[in-house]
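I opened the model to see how its parts pack together. These are my notes, in the order I looked things up.

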Amino acid sequence: MLSKKTKKQNDHPNEPFQEQPSSEKDSEQTLMYLYHYMEGTLLNHSKNYYKALKHYTAAEKQLGVLCDIDQANFYLRQANTFHHLGESITALNYAIKAYDTYKKSHASTKKNRPCASADREHLFKNWLL
């Protein structure tokens with residue numbers, strides 16, 4: 001009989017450990033976020049801003065599975081989309097939200113979730129400062 005692997009068990013001693021998602025719900029939320037985020041990004045690049053916002057709104061509901069840096073990046077993308085639509089106040093609000101999220105993450109030393117974004121400094125270098 002085959003037994004299930006534990007969270008950090010591997011087949012071969014020379015293989016790196018692979019972290020498993022903490023739960024099926026987190027995996028599903030992450031996949032839903034990624035789907036809507038990528039659809040929104042593709043629509044944004046093809047200048048379908050209203051459709052992009054529809055997907056970004058759906059992705060925003062799944063932000064709880066992301067680290068603060070990835071959340072900040074998401075808010076910055078939403079700000080950019082609103083900016084293209086001429087919604088300056090809404091764009092500014094999302095940019096401020098992104099900046100505050102970035103500052104909160106940068107100030108904290110304890111990280112609860114691994115980040116997909118590796119380079120933190122360039123996130124706001126040219127956009128806000």
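**Entry 1: helix 1 and helix 2**

I began with this pair: helix 1 and helix 2 pack at about 165 degrees, and their axes are 8 Å apart. For the axes, lines are fitted to C-alpha atoms, for helices over the stretch in contact, and angles run from 0 to 180 degrees between N-to-C directions. The two helices are therefore roughly antiparallel. I noted the classes: under 35 degrees is roughly parallel, over 145 roughly antiparallel, 65 to 115 roughly perpendicular, and the rest oblique. Helix 1 passes helix 2 in a left-handed crossing. A crossing is left-handed if the near helix is turned anticlockwise from the far one by less than a right angle, and right-handed if clockwise.

I then listed who touches whom, with contact meaning heavy atoms within 4.5 Å. Helix 1 brings Tyr33, Tyr35, His36, Tyr37, Glu39, Gly40, Thr41, Leu43 and Asn44. Helix 2 answers with Tyr49, Lys51, Ala52, His55, Tyr56, Ala58 and Ala59. By class, this contact has 9 nonpolar, 5 polar and 2 charged residues. Nonpolar here covers Ala, Val, Leu, Ile, Met, Phe, Trp, Tyr, Cys and Pro; charged covers Asp, Glu, Lys and Arg; the others, Gly among them, are polar.

**Entry 2: ground rules**

I wrote down that this is a predicted model, where local features need pLDDT of at least 70, side-chain atom pairs count only at pLDDT 80 or more, and totals for chains, interfaces and linings use all residues. Residues are numbered from 1 along each chain as its sequence is written, and side-chain values use heavy atoms, with hydrogens and water left out.

**Entry 3: the whole chain**

I counted 5 helices and 0 strands. Helices (H or I, at least four residues) and strands (E, at least two) are DSSP runs, numbered from the N terminus. The pattern along the sequence reads α-α-α-α-α. Of the 129 residues, 29% count as buried. Buried means under 20% relative accessible area, exposed over 50%, and partly exposed in between (1.4 Å probe, protein chains only). Among contacts with a separation of 6 or more, 53% join residues 24 or more positions apart.

**Entry 4: helix 3 against its neighbours**

How do helix 2 and helix 3 pack? Their angle is about 155 degrees and their axes are 10 Å apart. That makes helix 2 roughly antiparallel to helix 3. The crossing is left-handed. Helix 2 uses Tyr49, Leu53, Tyr56, Thr57, Ala59 and Glu60, while helix 3 uses Phe74, Tyr75, Arg77, Gln78, Thr81, Phe82 and His84. I sorted them as 7 nonpolar, 4 polar and 2 charged.

Next I took helix 1 with helix 3, at about 30 degrees and with axes 11 Å apart. These two are therefore roughly parallel. Their crossing is left-handed. The residues in contact include Tyr33, Tyr37 and Thr41 of helix 1, and Asp70, Asn73 and Phe74 of helix 3. The division is 3 nonpolar, 7 polar and 2 charged.

**Entry 5: the core**

I looked for a nonpolar core, a set of buried Ala, Val, Leu, Ile, Met, Phe, Trp, Tyr and Cys residues joined through side-chain atoms within 4.5 Å. The largest has 19 residues, and those with the most contacts inside it are Tyr33, Tyr37, Tyr56, Leu63, Phe74 and Tyr75. Helix 1 (24-45), helix 2 (49-60), helix 3 (68-84) and helix 4 (88-107) each supply at least two residues. Helix 3 gives the most, with 5.

Leaving out residues up to four places away in sequence, Phe74 touches Tyr33, Tyr37, Tyr56, Ala59, Glu60 and Leu63.

Is Gln78 buried or exposed? Gln78 sits in helix 3 and is buried, at 2% relative accessibility. Beyond four places in sequence, Gln78 touches Tyr56, Thr57, Glu60 and Tyr94.

Ala58 lies in helix 2. Ala58 is partly exposed, with a relative accessible area of 22%.

Lys47 lies in the loop between helix 1 and helix 2. Phi of Lys47 is near 65 degrees, a positive value in a residue other than glycine. Most residues other than glycine have a negative phi. Lys47 counts as exposed, at 61% relative accessibility.
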